[in-house]
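Hi,

Here is the structure I promised to pass on. Have a look at it first, and then read my notes below.

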Amino acid sequence: MELDSALEAPSQEDSSLSEELSHSALGQAFSKILHSLARPEARRGNVKDVVLKDLGDLIEATEFDRLFEGTGARLRGMPETLGQVAKALEKYAAPSKEEEGGGDGHSEAAEKAAQVGLLFLKLLGKVETAKNSLVGPAWQTGLHHLAGPVYIFAITHSLEQPWTTPRSREVAREVLTSLLQVTECGSVAGFLHGENEDEKGRLSVILGLLKPDLNKESWKNNPAIKHVFSWTLQQVTRPWLSQHLERVLPASLVISDDYQTENKILGVHCLHHIVLNVAVLPCLLDLFPILEKTLHWKGDGARPTTHCDEVLRLILTHMEPEHRLLLRRTYARNLPAFVNRLGILTVRHLKRLERVIIGYLEVYDGPEEEARLKILETLKLLMQHTWPRVSCRLVVLLKALLKLICDVARDPNLTPESVKSALLQEATDCLILLDRCSQGRVKGLLAKIPQSCEDRKVVNCIRKVQQVSEGAPYDGT
């Protein structure tokens, strides 16, 4: 490629005009390479090597000030052009659908990735030099356009996948390290959500670049996209993830809704991360009806399962074996909202909810008892929404509630009296609801307890249940 016109140094006599012409020629040189990368024949051996070599030569021969320095019309298109070149390189190095399982094509994909990675290292080197030499935002503008495509490339090829080799992974990790260095980020998480409260972070840019390849029609065309999305999602936690909920939830649901087990598992992990890290769960639940607007029950058969069903099933799966109190509280905090959203359809999850409720009521949760209070709230809602199915679970629920009342009444821990009172009141309310759902059978089963029990708190709870008028209205039934 002819580079002389783009690289010639201007004379002092006509420096202004020469600079304008030089920058124009430089832009044309990048545009020509961009056009070459977009052509299908660019993926063929000889053509590919020539295009990448020309781009490498152009980057090396161009001083950093020609890429980033200056103001006015001559700079207007350069950052955008560099960003377009970076996007084209990322797409060029991306594995194709046929390369997902390895085979003959994976060595070629890894070779392309290694070549592109070296070009990205050269570009980032220019940014670093400009950053250390220039005053003003010019280099930052260039970095803004480069950072997103470079990040996606680095993650695509640094993970151990069929389309990578030790060499391509090494180069991709070097690119990621260089990107974090030039952006002055101490971690990938900091790069994505910002190193401090005043910094915006780049997650929005990344998700915007991934979005076209993450819809139902396109997400399988590039086998790396789902892994880049999932890995990126896992790096962002609360409170930063909440503001991106509308962008990360649909993609997670698309992946989890696939027929392949591998993709289902990946999607479930994404949903699990969202549930744990999105503080505004009502927003998540409010999105479900929008995402499910095409699902209409016609009355001829079972209602279709919804995204809300899937997420509740996921939460219950993780709740049952969980022993860490912090996570138990997080899970329990979310349950009432799901039961309220599903209403009568909660019967689909009744058996698992019963096991979770009984298991969580048995475990002391610390002075605030947040988990057990939320579980009691869940149980009340569950009985209100699914009351016809409650009477057959009378014995097991009655035993769990009585055990809780006895444990709290005799609690030797430093639990505040206000918390104990709240637990006893909630448990008593559950007993009253249970009695009404079982047509008064609870009163009969509790009749002899006041005569033999010496604990005043326990007796008071039992008497409250017995004193409720059997004729009192109950909106749950």
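**Helix H17 and its surroundings**

H17 has 12 residues, and from its first C-alpha to its last it reaches 16 Å, close to the 16 Å expected at 1.5 Å a residue. Before I go on, please keep in mind that this is a predicted model.

Which residues of H17 are buried? They are Leu350, Leu353, Glu354, Val356, Ile357, Ile358, Tyr360 and Leu361. These buried residues pack against H15, H16, H18 and H19.

Arginine 393 sits in the loop between helix H18 (370-385) and helix H19 (394-409), while glutamate 354 belongs to helix H17, so the pair ties together parts that are 39 residues apart in sequence. Both partners are under the 20% cut-off for buried: arginine 393 counts as buried at 17% relative accessibility, and glutamate 354 counts as buried at 19%.

**More salt bridges**

How many salt bridges does a search of the whole structure find? The search gives 23. Besides the pair above, here are some to click on.

- Aspartate 309 and arginine 348 form a salt bridge in which the closest N and O atoms are 2.7 Å apart. Distant parts of the chain are linked here: aspartate 309 is in helix H15 (residues 307-319), and arginine 348 is in the loop between helix H16 (325-342) and helix H17 (350-361), 39 residues apart. Aspartate 309 counts as buried, at 0% relative accessibility, whereas arginine 348 is partly exposed, with a relative accessible area of 32%.
- Arginine 372 forms a salt bridge with glutamate 369, and their closest N and O atoms are 2.8 Å apart. Arginine 372 is buried, with a relative accessible area of 4%, and glutamate 369 counts as buried at 1% relative accessibility.

Now turn to helix H7 (residues 138-158) and helix H11 (residues 225-235). Their axes come within 9 Å and cross at roughly 105°. That angle falls in the 65 to 115 degree range, which makes H7 roughly perpendicular to H11. On the H7 side, the contact is made by Tyr151, Ile152, Ile155 and Thr156; on the H11 side, Val228, Trp231 and Thr232 make it. Sorted by class, the contact of H7 with H11 has five nonpolar residues, two polar ones and no charged ones.

**Helix H12**

Is helix H12 (residues 245-256) mostly covered or mostly uncovered? H12 is mostly covered, with nine of its 12 residues buried. The buried ones are Leu245, Val248, Leu249, Ala251, Ser252, Leu253, Val254, Ile255 and Ser256. From first C-alpha to last, H12 reaches 16 Å, close to the 16 Å expected at 1.5 Å a residue.

**The whole chain**

Stepping back, the protein has 23 helices and zero strands. Of its 477 residues, 51% are buried. Among contacts with a separation of 6 or more, 72% come from residues 24 or more positions apart.

Cheers

Methods: Residues are numbered from 1 along each chain as its sequence is written. This is a predicted model: local features need pLDDT of at least 70, side-chain atom pairs count only at pLDDT 80 or more; totals for chains, interfaces and linings use all residues. Side-chain values use heavy atoms; hydrogens and water are left out. Axes are lines fitted to C-alpha atoms, for helices over the stretch in contact, and angles run from 0 to 180 degrees between N-to-C directions. Helices (H or I, at least four residues) and strands (E, at least two) are DSSP runs, numbered from the N terminus. Angles under 35 degrees count as roughly parallel, over 145 as roughly antiparallel, 65 to 115 as roughly perpendicular and the rest as oblique. Contact means heavy atoms within 4.5 Å. Ala, Val, Leu, Ile, Met, Phe, Trp, Tyr, Cys and Pro count as nonpolar, Asp, Glu, Lys and Arg as charged, and the others, Gly among them, as polar. The expected span of a helix is 1.5 Å times one less than its number of residues. Buried means under 20% relative accessible area, exposed over 50%, partly exposed in between (1.4 Å probe, protein chains only). A salt bridge is a side-chain nitrogen of Lys or Arg within 4 Å of a carboxyl oxygen of Asp or Glu.
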